[in-house]
Amino acid sequence: MASTFKLGILTALAAPVLMASTASAKVYVNSVCHMKASTAVKDIEGEGNLQKKYPLASISKVITTLWAIEKLGVDYRHKTVLHLTPTANGAMDLHVEGSRDPIFGRNLSYFLISELNRMKVTKIENLTFDENFLLDWLAEESPRIGGVTPRYETIEQQAEAVIKNLKESFSTAINRAMYSKLREKATKAKVFMLEKPTIEVRNISFLPKSNYKKDKYTGSVVLKSAPLRTILKRMNNQSNNYIADNLYWNLGGTAAFNTFAAATLKADQNQIVFHNGSGNNEGTTAKPVYNEATCETMIKTLYTLNKSLEAKGYKLSDVLSVANKDNDSTVDNFGGNAAGAMIAKTGTVNKAKTLAGSISTKEGEFYFAILLHTDMDQSSSDRGVAAQMIKNKISQLINKRSGPKEIQYTEILALPFDQGSYLTEQEAPVVTLSKK
């Protein structure tokens with residue numbers, strides 16, 4: 001793909017590169033590109049090598065976002081089916097038929113416990129689950145957000161991890177302070193949660209889907225996650241590696257990703273190479289392996305993502321973070337002319353500092369990607385230098401286009417559940433599980 005370079009823009013952007021080079025020779029521009037949203041993809045402008053692959057870091061999640069929406073649909077909900085069977089002692093046996101929900105952690109578990117209580121289920125005799133139930137209590141917390149995502153070589157290893165989470169967290173006393181904060185957020189989202197739910201679980205074990213059999217006393221209900229767009233919003237706000245990596249694996253992993261990249265982005269391995277959904281190091285400290293793509297590929301991704309969202313009545317701000325507006329995001333500290341005028345995703349690894357998204361200006365909307373080289377494993381001061389370089393470039397891009405135009409946006413409260421998540425009955429001939 002040919003790229004058009006405009007001397008005026010390059011001159012305007014050159015100053016911070018020179019200043020930053022003086023401050024730290026280990027931080028420099030790999031590539032910067034931008035394109036007016038209303039123009040054709042061929043009209044990409046910028047500096048550096050726009051057609052060479054560079055480490056993306058967490059702006060990889062923008063591409064993961066597009067892949068998930070293209071394959072599943074922006075309104076897709078993960079459906080976890082709960083099979084409940086009364087026991088002789090007045091409790092219930094519960095079998096969980098999972099859907100590999102990538103955000104099933106503490107928050108969704110607390111909502112589930114509240115829902116079970118609302119349906120008069122407080123004691124579980126035997127809790128079993130299948131190979132598609134993936135529970136990680138810290139799915140939305142450290143160290144899962146920025147750390148290495150657990151990957152299990154066998155179903156048995158995964159089952160052991162889930163059992164550990166169920167025993168040490170799900171079936172123990174609820175953290176009242178954390179529950180209260182979650183309930184406050186749920187109330188703002190007009191989702192009902194009980195004030196003081198509780199659950200007792202006696203036995204926990206893994207039971208493959210093929211081995212589970214209902215009996216005539218079994219009733220089944222469905223727990224639906226929040227829509228995919230909300231999960232993606234949460235993932236991008238937090239820069240959550242756990243959600244991104246599990247989505248990537250759920251969607252088919254690298255082989256399936258390469259097929260998607262070729263079909264949707266018209267990009268082969270000369271333009272994009274992915275190893276995971278997060279952009280985190282897939283190698284070792286000594287020999288890091290990162291997702292890489294060209295600057296042009298990032299612009300294609302943003303263009304295609306926006307078109308896909310618009311086709312369903314949504315916007316980039318429904319899945320990416322708005323600067324200085326999404327308070328729990330990694331762009332909440334972008335002030336100046338970017339505040340309220342930039343929708344973006346940040347990225348940071350030892351060898352790269354990146355940013356990609358769109359800016360709203362008085363001359364229209366522009367997609368952009370900024371790929372910097374850094375040696376943050378050598379000097380932590382490079383992090384601050386790189387961050388300031390990115391802010392300078394965003395400010396100049398906006399000023400070059402006659403200044404910012406504020407985006408009309410109300411902050412989205414991205415919870416893993418919503419009003420469509422209440423337990424709903426499937427077929428329950430004996431167990432009465434209807435809402436009260």
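This is a predicted model: local features need pLDDT of at least 70, side-chain atom pairs count only at pLDDT 80 or more; totals for chains, interfaces and linings use all residues.
The lining of the largest pocket comprises 6 nonpolar, 2 polar and 10 charged residues. About 500 Å³ of space lies within the largest pocket. It is lined by 18 residues, and K185, R234, D328, L413 and L415 are the closest to its centre. Helix α5 gives the most, with 6 residues.

The second largest pocket has a volume of about 330 Å³. Its lining counts 21 residues. Nearest its centre lie T330, T346, G347, T348 and K353. At least two lining residues come from each of β12 (342-349), β13 (352-361) and α10. Strand β12 supplies the largest share, 4 residues. By class, the lining of the second largest pocket has 5 nonpolar, 14 polar and 2 charged residues.

A probe the size of a water molecule, rolled over the atoms, shows where empty space is left. The search of the whole structure finds 2 cavities of 30 Å³ or more. The second largest cavity has a volume of about 60 Å³. Its lining consists of L82, L94, V96, F104, S109, L112, L127, F133, L135, L166 and F170. By class, 10 of these residues are nonpolar, 1 is polar and none is charged. Strand β5 (92-97) and the helices α3 (106-118) and α4 (155-170) each supply at least two residues of this lining.

The structure holds 15 aromatic pairs. In one of them, the ring centres of F111 and F417 are 4.4 Å apart. Their planes meet at 10°, so the pair is stacked; planes under 30 degrees apart count as stacked.

Helix packing was described last. Two packed helices are described by the angle between their axes and the distance between the axes. The axes of helix α2 (residues 60-72) and helix α8 (residues 253-264) come within 11 Å. They cross at roughly 85°, which means that α2 is roughly perpendicular to α8. On the α2 side, the contact is made by I63, L66, W67 and E70. Helix α8 contributes G253, A256, F257, F260 and T264. By class, this contact has 6 nonpolar, 2 polar and 1 charged residues.

Key: Residues are numbered from 1 along each chain as its sequence is written. Side-chain values use heavy atoms; hydrogens and water are left out. Axes are lines fitted to C-alpha atoms, for helices over the stretch in contact, and angles run from 0 to 180 degrees between N-to-C directions. Angles under 35 degrees count as roughly parallel, over 145 as roughly antiparallel, 65 to 115 as roughly perpendicular and the rest as oblique. Contact means heavy atoms within 4.5 Å. Ala, Val, Leu, Ile, Met, Phe, Trp, Tyr, Cys and Pro count as nonpolar, Asp, Glu, Lys and Arg as charged, and the others, Gly among them, as polar. On a 1 Å grid over the protein atoms alone, a cavity is a set of points where a 1.4 Å probe fits but cannot get out, and a pocket is an open set with protein on both sides within 12 Å along at least five of seven lines; lining residues have an atom within 4 Å of a point. Grid points are joined across faces, edges and corners, and a volume is the space filled by probe spheres set on the points. Rings of Phe, Tyr and Trp (its six-membered ring) pair if their centres lie within 6.5 Å; planes under 30 degrees apart count as stacked, over 60 as edge-to-face and the rest as tilted.
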